[in-house]
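User: I'd like to learn how to read a few features of a protein model. Could you walk me through some, one at a time?

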Amino acid sequence: MTDHGEIPEFDPQGPQLIYVAVADHIAARIAAGELAPGARLPAERDLAEEYGVAYLTVRRAARVLRERGLILTVHGKGTFVADPLPEGRTDNPAAPDSGA
């Protein structure tokens, strides 16, 4: 268990698409603080092995995470947790308000 919360086991079941389950699990790891803002994610092939899924499944999950604003990919450098994370995407209720 971490200070930020517990990360559920990766166990996709039912009608949920596998790539969405992978994206949701990585998002939970980000929210729990296991993957901190600015941290480099493992290579897609390494994540595929970790999750026991195909490489293209992880690639599609990464696309979902980019669309959510949780990660960004820099060509030739890797994929990183967004820094700062999008507002409302962390479990920190004390996140500063944008003042808008």
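Analyst: Happy to! Keep in mind that this is a predicted model. Let's begin with a charged pair: the side chains of Arg-68 and Asp-24 form a salt bridge, at 2.7 Å from N to O.

User: What is the general idea behind such a pair?

Analyst: Side chains of opposite charge can pair when their charged atoms come close. Here the partners come from distant parts of the chain, 44 residues apart: Asp-24 sits in helix 1, and Arg-68 in the loop between helix 3 and strand 1.

User: How many salt bridges does a search of the whole structure find?

Analyst: The search finds four.

User: Now for helix packing. At what angle do helix 1 and helix 2 pack?

Analyst: Helix 1 (residues 18–31) packs against helix 2 (residues 44–51) at about 100°, and their axes are 12 Å apart. Angles of 65 to 115 degrees count as roughly perpendicular, so helix 1 is roughly perpendicular to helix 2.

User: Which residues make the contact?

Analyst: Helix 1 contributes Val-22, His-25, Ile-26 and Arg-29, while helix 2 brings Leu-47, Glu-50 and Tyr-51. By type, four of these contact residues are nonpolar, one is polar and two are charged.

Note on methods:
Residues are numbered from 1 along each chain as its sequence is written. This is a predicted model: local features need pLDDT of at least 70, side-chain atom pairs count only at pLDDT 80 or more; totals for chains, interfaces and linings use all residues. Side-chain values use heavy atoms; hydrogens and water are left out. Axes are lines fitted to C-alpha atoms, for helices over the stretch in contact, and angles run from 0 to 180 degrees between N-to-C directions. Helices (H or I, at least four residues) and strands (E, at least two) are DSSP runs, numbered from the N terminus. Angles under 35 degrees count as roughly parallel, over 145 as roughly antiparallel, 65 to 115 as roughly perpendicular and the rest as oblique. Contact means heavy atoms within 4.5 Å. Ala, Val, Leu, Ile, Met, Phe, Trp, Tyr, Cys and Pro count as nonpolar, Asp, Glu, Lys and Arg as charged, and the others, Gly among them, as polar.
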